[in-house]
Amino acid sequence: MSEIDLAKAVGHQFDDQQVSWNQRDLLIYAVGIGAKADDYSIVNDKSWAPFPTYPVVLMFKGMFCINQDTVNFRQLMSGGKKVSGLPAFDPNRVVHGFQSIEILRPLPAVSGPGWKLKKRIVGVNENKTGIVLEDEQVLVDSNGTPYAKLYSASFNLGAKGTGNSFSKRIAGAPQAKPVPKDRKPDWVVQDRTTPEQAIVYRLSGDYNMLHIDPSIGKAAGFGGVILHGLSTFGFAARALVSAVGGGDPNALRFFGTRFTSPVKPGDALETSVWEVGPGPDGTTEVSFATKNLTNGKACLGGGIAYVKKQEKGRL
Ligand SMILES: *[C@@H]1O[C@H](CO)[C@@H](O)[C@H](O)[C@H]1NC(C)=O
Ligand SMILES: *[C@@H]1O[C@H](CO)[C@@H](O)[C@H](O)[C@H]1NC(C)=O
């Protein structure tokens, strides 16, 4: 048993993770995040481009890229070396709290060999309800050129370190500006997940049974299966590309959001988007939120994105 020392874990660099993908993986991902038959720019056409949030799946998919088989989720969760300074966490009590991705260069349709995720812990936060771990992942090609930088926060419910409140962070994503209360959104996009959404999304690498076996979802207190948070994340990213970016996947440069409540496969979603100022490199900064259209409950909150604003192109 090593000593609990949360400060020591901050900055911990994990072993590099080999990753790869091909065009088929990108097409499967597009359907997992709800692409429709007329989403030509991501489901295939002469103007096709990889959807830019794809790298969020690589942490799960990465290690199984060679044999192209499905991922053994249990084995994945129980693997990995323990980080010095941290307590052991219960894999059944982890919730994804936040995810962002900064797109540094457009992804190629096929990775080829030598791509890696470089991952380190950039924040640890303990309070009475548990421990939040924040990590940074940088996707690099075989020359070490970075293509995307991701930040993710996971909340380990009920976890205990020293029992005292603790907070340290050395890097992270920009914070969303609050959505303006005094004006209507500049864009509103409605969409619908299908009852099969989770069984399609999982083909991108997250084979957690929670998303397909209702008895597991019930035991976890969700009343049945819930959709992968990262599928909802992709629905919102598609909404922004379509409304703000004129349907051009390359218009999206940064996208981040908190996961505030689960979505069930079949739920209808509404994403509301406010322009809140200029972003870096000629982009527009927007704040957004996504809710379950049927009962009005927020599922994504604190959304922030930088998008190259464009009129809808002719397809
Ligand atoms: C503890 O941290 C979590 C995650 O940031 C937060 O949702 C919760 O409100 C905090 N609880 C307390 C008691 O501060
Ligand atoms: C979304 O709203 C519908 C209608 O009220 C409801 O049946 C469904 O359970 C809601 N989804 C979640 C995850 O709460």
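I count a residue as near a molecule or strand if one of its heavy atoms lies within 4 Å of it. The model is predicted, and I kept local features at pLDDT of at least 70, side-chain atom pairs only at pLDDT 80 or more, and totals for chains, interfaces and linings over all residues. Residues are numbered from 1 along each chain as its sequence is written, chains are lettered from A and ligands numbered from 1 in the order written, and side-chain values use heavy atoms, without hydrogens and water.

**Ligand 1**

I looked up the surroundings of ligand 1 and found Asn127, Thr129, Val132 and Phe155. By class I noted 2 nonpolar, 2 polar and no charged residues (nonpolar: Ala, Val, Leu, Ile, Met, Phe, Trp, Tyr, Cys and Pro; charged: Asp, Glu, Lys and Arg; polar: the others, Gly among them).

Next I checked polar contacts, here pairs of N or O atoms within 3.5 Å. Asn127 places a polar side-chain atom 2.4 Å from an oxygen atom of ligand 1. For Thr129, an N or O atom of the side chain is 3.5 Å from a nitrogen atom of ligand 1. The protein covers 38% of the 360 Å² of accessible area (Shrake-Rupley method, 1.4 Å probe) that ligand 1 has on its own.

**Ligand 2**

Around ligand 2 I listed Pro262, Val263, Lys264, Asp267, Asn292, Thr294 and Asn295. This shell has 2 nonpolar, 3 polar and 2 charged residues.

I read 2.5 Å between a polar side-chain atom of Asn292 and an oxygen atom of ligand 2. An N or O atom in the side chain of Asn295 is 3.4 Å from an oxygen atom of ligand 2, and for the Lys264 side chain I read 3.5 Å, again to an oxygen atom of ligand 2. Of the 360 Å² of accessible area that ligand 2 has on its own, the protein covers 64%.

Notes
A polar contact is a pair of N or O atoms within 3.5 Å; within protein, one must be able to donate a hydrogen and the other to accept it, and residues adjacent in sequence count only if both atoms are side-chain atoms.
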